[in-house]
Amino acid sequence: MSLNEIRPWRNIYRRESRRIMVGNVPVGGDAPISVQTMTNTATTDVKGTIGQVLRAAEAGADIVRISVPDQDSSRALKEIVRESPVPIVADIHFHYRRGIEAAEAGAACLRINPGNIGSEDRVREVIRAARDHDCSIRIGVNAGSLEKHLLEKYGEPTPDAMVESGLDHIKVLQDNDFHEFKISCKASDVFMAATAYQQLAEATDAPIHLGITEAGGLMSGTIKSAIGLGNLLWMGIGDTIRVSLSADPVEEVKVGYEILKSLGLRHRGVNIISCPSCARQGFDVIKTVEALEKRLEHIKTPMSLSIIGCVVNGPGEALMTDVGFTGGGAGSGMVYLAGKASHKMSNDRMIDHIVEEVEKKAAEIEAASAAQAAE
Ligand code: SF4
């Protein structure tokens, strides 16, 4: 029985969407919500871009987007696609020819911006290239670059204007019998983005790519994205996400996963539950958690670990985690395994010991799921 069956108040009912493929990654339907990021190297710097793609993939990115601003970038894209372990989305603005080149270069998906891709004829050519090369398309509406006629009609960027832009382009794709598309409706304003996404979710069954654009730096952007994306995901809206931060793409991936983990929508790696610490702490909680976060980065198996400073909340939190440690005073604390008090451990050996216990538990979980898969 799953946790959600035992605790129905944890359930999120996902909006029903069509499923499309971005390379080998399904997006929409009952596919896991995928996590995306975008490189920030010059695409023509093939080595640097591949390095960034590999690091993002290692951190868990399911899909990586790359800008294709000129013909040299289209050429570089071909090499990057060849080396990438994850599907590559080509980000296209202004030049519809870059879209055609990117499809030819092996991009798994083309992101086109309705506000600047040009006439319907040009969009049609991009659609043809996508179809010929087994590429999906993301219609990427952005409040900052809406079509002129919509800005004139609405006076300024509004959720209605964004949704109208998106639906107009859905119609162009559908009129051309192209259905392998997803859609995003991004704005840097959380209210505008959330309202537009809710309207969009009602108006189409296309998979939805969520994002709060230009969200800010690591701290402010994380909070803004957690509020914007978190609320939409909680409503069941969103099939793939990208957290936009003025930071390393790896950070975007980590934040994306943390948002999904908080809502129980996706699990990857160790979910650390730790207390803020106070005068009662039996060991230095903050330093310990910092050290453990680094030492446990290599664990991909979904599991939980509680690191709690004292017995006020320690045993209770440990009940619900795979591995736990609770400070107890006198230089040592209690290790919990599968919710039960197991053995004492001195504070000075605790970090190494917890890493060992987590690695052991991860191996057990992996072995059990491999045995289940073989049945
Ligand atoms: S669990 Fe204990 S150490 Fe941690 S914040 Fe609460 S009272 Fe303080």
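## The annotated domain

UniProt, in an unreviewed entry, lists residues 18–257 as "domain: IspG TIM-barrel"; its positions follow the numbering used here, feature names are shortened, and annotations may be inferred rather than shown by experiment. In this predicted model, local features need pLDDT of at least 70 and side-chain atom pairs count only at pLDDT 80 or more, while totals for chains, interfaces and linings use all residues. Numbering runs from 1 along each chain as its sequence is written, and side-chain values use heavy atoms, with hydrogens and water left out.

Across residues 18–257, the chain comes out at 47% helix and 18% strand. The end C-alpha atoms of that stretch sit 23 Å apart. Helices (H or I, at least four residues) and strands (E, at least two) are DSSP runs, numbered from the N terminus.

Arg-65 belongs to strand E4 (residues 63–67). With a relative accessible area of 4%, Arg-65 is buried (under 20%; exposed is over 50%, partly exposed in between, with a 1.4 Å probe and protein chains only). Leaving out residues up to four places away in sequence, Arg-65 touches several residues, including Asp-91, Arg-111, Arg-138, Lys-186 and Arg-242 (contact means heavy atoms within 4.5 Å).

Over in helix H2 (residues 46–58) we find Lys-47, which is exposed at 75% relative accessible area.

## Around the ligand

The residues surrounding the ligand include Cys-275, Cys-278, Cys-310, Arg-280 and Asn-313, where near means a heavy atom within 4 Å.
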